[in-house]
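Work through these exercises with the structure open beside you. Try each task before you read its solution.

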Amino acid sequence: MLAYTFRRILWFVPILLGVATVTFLLLHVLPGDPVLSMVGERYDAETLARLRAEMHLDAPLYERYARYLADLARFDLGTSYVTGVPVWESIRGRFPHTLRLAAAAMAIAVVFGVTIGVLAAWRRGSALDYMLVGGAVVGVSMPVFWLGVLLIYVFSMRLGILPPSGFGNGSIAYLVLPALTLAMASTAYIARITRSSVLDEIHETYVKAARAKGAGESRVLVRHALRNALLPIITVVGVDFGSYLSGAVLTESIFAWPGLGRFTLDAIMKRDLPAIQGAVLFMAILFMAVNLLVDLLYARVDPRVKLSRGAQT
Amino acid sequence: MLILVVVLGGLFAPWLAPYDPTAIAMDDALEPPSVGHWLGTDAFGRDVLSRVMYGARFSLEVGVVSRLLALMLGTCLGLVAGYYGGRADQIVMRVADVTLAYPGLLLLIAVMAAVGPSKVALFLALGVVGWAGVARLVRAQVLSLKEREFVTAIRSLGAPHSRVIARHVFPNVLTPILVIFSMGLGASIMAESSLSFLGLGAQPPRPSWGSMISGGLDYLRVAPWLSLAPGIVVTLAVLGFNLVGDALRDFFDPKLGRTQRR
Amino acid sequence: MRLERRNAARRASRLTPPSYAAGAPAATPAGGRVAVLAVLLLIVLLASGCGGERASSPMLELALETAPNRLDPALAVDVAEGEICALAFDGLVGLAPDGALSPALARAWDTADGRRYVFHLDARARFSDGHPVRAADVRASFERVLAPATASPRAWVLERIRGAKAFRNGSAASVAGIETPDDSTLVVELEEPFAPFLSMLALPAARVVDVASVGAGDVPVGSGPWVISEWVRGDRVVLVPNPHHARRALGIEGVRYRVIPEPFTRIAEFEAGSIDVLEIPDAEVPRFLSDPARSARLLERAELRVFYLGLNNARYQDVRVRRALNHAVNVPELSRVLQAGAAIPAHGAIPPGIPGHRERAGYDYDPMRAQALLREAGAENLKLEVWLRESAEGGRVMEAVQGYWRAVGVDATLVRREWSAFKETVSAGKVDAFLLDWFGDYPDAENFLFPLFHSANRGGGGNRSFFSDPEVDRMIEDASRMLDPQARADACAHIDSLVFARAPWVYLYFPTTFHIVSERVTGYRLPKLYLANDFSGVRVSR
């Protein structure tokens, strides 16, 4: 297990190098000059040349690439062109917001997803089942930004019970709408997985056996049936949590949430090369770390999963 | 059924649409839904229903082509990786890892900005972002197939690799590919609308669902139909493709759909 | 972030080979562990977030569309940054809410020839840490902006000072044209007379900082009526009154700017009472105007901003073509549909409210005439590519213009790019036409002529339509040397009309914006431009 983990982490290095290189080249071929976003609407060629020299943007490509890699090797993500703040500092400042939103969304998705799934399975074939399943399917199919706006419209503007945006003083009320928006697709998906797994399990003999032994139905459902739903749920949690952590651009924009996604989008729009490169690398690391965790969790939950093969997952 | 309506509506938009989707009639601006305009009109008096229908063409086109691209890339690479294993496998899967670890939106925005937010750019961007997931899936299928008796038997008879792949391996991965295509279609449509929300999708005046929703949000309190109509249509379309995907899976391979059976 | 991948990966995960989904119960007792974990997470979150609602302290709550990146006047470039810098940093002169020049650090100034200016500093002027502002501080601030090491993108504001260029290229240790005879007198000498200089001194780049404080934190120490007390990047900026300032605000505890990128969210925040002043999006203007309960709290502002469709004059050299494109667009109708009829059709570049603006006629909506002109010029079936930014407003305007043009046989393709790519390509003169607006940083006609039409500014300097006429160049230069305000206004109006006749643009309109103030705020004055905020009369009731 330990050796496996170690090997996986070793693999991070070439992948990150790949990510860094792709970003570097991508930003190079992109139209849009980073210097232009620093000067506003009125500028002259002399100012541009001076700034360009200052940021070594006039150096040949290979030289800039070498410089970039050398900085990376020293764990230096550089300083943002636009804000003048070290990129790592900015990421550190933004990430807690993103983490908070992601954790809340994931918690909502799991709690509601599993509950809805179990309820639907328990009352399978009933009106309740159809309603829940129907809701879940619609939930997966709705564009996130549209859902966000509708939520603001209903809960803030019509009902006036929740603040529309921002994180305010950090109170939970500010978290509800963005977390709900972000969680919707995962919730719906988890609900469907849970429902079908539970349904399958109900027919399994061991459940019948458990029931024969006199365990209550709800106990059977939760104890035994849920267990099988665990693996697919972990998969969803892994994939979605990984992407939540890299910032939900749309949700953050609508809810004026100053997280990593917004930071990256701003950086892209301003061609703030160091900030983009830093943020992309950071996200890649997070994503890989979460995936590794998920794989390890798999192995713990289900010993039949062989890690050697899972190395590719 | 849903899909049929949407697809037909899109395909035959030029004949079915009651109005020209880009014809401006300022005097009819912001009319609520009525007999003349079933879904009302927008700020320029353009018929929302017609625009939704033409928007379907754009969104479907983008969805289908970008998905096909992702599938082709992903399937070829996945087949090669899974079948040959070894070095080829290593390389393909590492590249897939890089793609997967890469924040997709950045890639999308980057391609959009480089090529300009055109249809071709959308195809390319969405295709490039989507291939890695397909490749992984195909590879996993191939890996399990490779060990099955019939494949090893054919191999031992001395059939060339290319034929084994084409005749025996590929047909067996077709089913999951079909499923992933249908579901990915929904995802692509959603991605297109999200990009439009950021101003990076379809070019005006060409209607796309995404740009209609985001443009309509400004009028949400004044003329809610502007964003509600395309929003509901997108939801229905994505919903439809997901359901088709579910059904396909259940039909072709009950075992695959096992954890998903409804 | 991962728009599509997320879904693809998820689909893939559902279809992974069924090795682990084979049916037997999982061996570990991890049954509800995930759920338990999630519940715990939720509880932690709830606990961490236990604070009251936002305290309703008497702060003025405002919204920003974009996040400020630099709150240092030497480096500020955009509107959000400029607005906040203007509050926290005083310059020699300032702008009153009505846009007029007002005394700031300098209580008075005089000039005999428009070349040599003597500023008498206000002895009461203090930095926010209490130490007095002296002439040497002004000089140091100016030299800091000009110093190449500062890399200020706004050095052009001060470059007309005698010796500034020599200082910039390193051949002089100080700027020859700035003298400080004593602590409260500053003498600035320009290379040549330049009438708009005083107005330009109100720009952020000419504001004064305590140079010794630069680099110690994100924000240098300033001497404005407000002090930046909290800055959460990407989220908010809070300003509190500077206790040492003569015009310190008494009615409010502070001003809080929150960054809210989406217009819809800003409306929701205003309706929720957490934003005090809202610029009403165009689409909602009629709705607010027709609401009697609210129309009393509406403020209207004719913007110092001109919305235009720049034509590449190097490509469309025939003035008849350019005029035809003007005649083909129904600007009053555009104004009615997009701006509730409040936008003022532009017949020149100088907006109303600026000396030099004139009412004039021209380019009435006349599709027949447009077609005739195009025919005369042999430009039937004209095809052109119009570049625009990704803003919703721009999209709407161009969709309409495209429709008008199609009616006269002009086929326009729209190319929408985000700002960086747009600016690079358009400034390089590589497009047929582009939709853009220009707004005044300082309320002077020169700001709407020199950058936009002088050939020295072709490209990045602001003249993106590449209009070039030596005669106009000379007239613009002459006008900036005129000292008599009336004569200069007349000269500028004349230049504006000359350029208008040449139709380098399709002239659209001067927008009007509507703002609404919340019920709890009194005494708020809508500034004529973003640098002219003055909250000293504002009261906020709890």
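**Exercise 1. A glycine in chain B**

In which helix of chain B is the place of B:G78? Is B:G78 buried or exposed? Which residues does B:G78 touch?

Solution. This is a predicted model, so keep that in mind throughout.
- Step 1. Find the helix. B:G78 sits in helix 3 of chain B, residues 48-84.
- Step 2. Count the neighbours. There are 30 other C-beta atoms within 10 Å of B:G78. The cut-off for a buried residue is 20 or more. Therefore B:G78 is buried.
- Step 3. List the contacts, leaving out residues up to four places away in sequence. B:G78 then touches B:V134, B:A135, B:R136, B:L137, B:V138, B:R139 and B:V142.
- Step 4. B:D97 is 19 residues from B:G78 in sequence, and their C-alpha atoms are 13 Å apart.

**Exercise 2. Where chain A meets chain B**

How many residues does each chain bring to the contact? Which helix of chain A gives the most?

Solution. 
- Step 1. Count both sides. Chain A brings 38 residues and chain B brings 32 residues.
- Step 2. Find the helices on the chain A side. Those that supply at least two residues each include helix 1 (2-29), helix 7 (173-203) and helix 12 (273-301).
- Step 3. Pick the top contributor. Helix 1 of chain A gives the most, with 7 residues.
- Step 4. Sort the chain A side by class. The tally is 29 nonpolar, 8 polar and 1 charged.

**Exercise 3. An open sheet in chain C**

What is the strand order of the open sheet of 4 strands in chain C? Which strands stand at the edges?

Solution. 
- Step 1. Read the order. It is 4-5-7-6, with antiparallel pairing.
- Step 2. Find the edges. Strand 4 (106-111) and strand 6 (178-182) of chain C each have a single partner strand, so one side of each has no neighbour in the sheet.
- Step 3. Note the twist. From one strand to the next, the twist averages 20°.
- Step 4. Zoom in on one pair. Strand 6 and strand 7 (residues 185-189) of chain C run antiparallel and are joined by 3 bridges. In this pair, C:D182 stands opposite C:T185.
- Step 5. Helix 4 (residues 135-146) of chain C lies across strands 5, 6 and 7 of chain C. Helix 4 of chain C runs at about 165° to strand 6 of chain C.

**Exercise 4. Follow a hairpin**

How many residues lie between strand 8 and strand 9 of chain C in their hairpin?

Solution. 
- Step 1. Check the pairing. Strand 8 (residues 226-232) and strand 9 (residues 236-241) of chain C pair in the antiparallel sense over 6 bridges.
- Step 2. Locate a facing pair. C:V232 stands opposite C:R236.
- Step 3. Look at the turn. The hairpin has 3 residues between its strands, and C:G234 in the turn has a positive phi of about 80°.
- Step 4. Move on to the next partner. Strand 9 of chain C is also joined to strand 10 (residues 254-259) of chain C, antiparallel, by 4 bridges. Here C:L239 stands opposite C:V255.

**Exercise 5. Domains of chain C**

How far apart are the C-alpha centres of domain 1 and domain 3 of chain C?

Solution. 
- Step 1. Take the bounds. The domain assignment gives domain 1 (55-69 + 224-302 + 514-540), domain 2 (90-213) and domain 3 (305-510).
- Step 2. Read the distance. The centres of domain 1 and domain 3 of chain C lie 32 Å apart.
- Step 3. Count the contact. It takes 7 residues of domain 1 and 11 residues of domain 3 of chain C.
- Step 4. Find the main source on the domain 1 side. Helix 8 (residues 285-289) of chain C supplies the largest share, 3 residues.
- Step 5. Sort the domain 1 side by class. It has 5 nonpolar, no polar and 2 charged residues.

**Exercise 6. An enclosed helix**

Why is helix 10 of chain C described as largely enclosed?

Solution. 
- Step 1. Count. Helix 10 (residues 319-327) of chain C has 9 residues and 7 of them are buried, so the rest of the structure largely encloses this helix.
- Step 2. Name some. The buried residues include C:V321, C:R322 and C:L325.
- Step 3. Find what they pack against: strand 13 (305-311), helix 12 (367-376) and strand 18 (505-510) of chain C.

How values were computed. Residues are numbered from 1 along each chain as its sequence is written. Chains are lettered from A and ligands numbered from 1 in the order in which they are written. This is a predicted model: local features need pLDDT of at least 70, side-chain atom pairs count only at pLDDT 80 or more; totals for chains, interfaces and linings use all residues. Two residues are in contact if their C-beta atoms, placed from the backbone, lie within 7 Å. Ala, Val, Leu, Ile, Met, Phe, Trp, Tyr, Cys and Pro count as nonpolar, Asp, Glu, Lys and Arg as charged, and the others, Gly among them, as polar. Two strands pair if DSSP finds at least two bridges between them. Axes are lines fitted to C-alpha atoms, for helices over the stretch in contact, and angles run from 0 to 180 degrees between N-to-C directions. Domain bounds come from an automatic or database domain assignment. A residue is buried if 20 or more other C-beta atoms lie within 10 Å of its own, exposed if 12 or fewer, and partly exposed in between; C-beta atoms are placed from the backbone.
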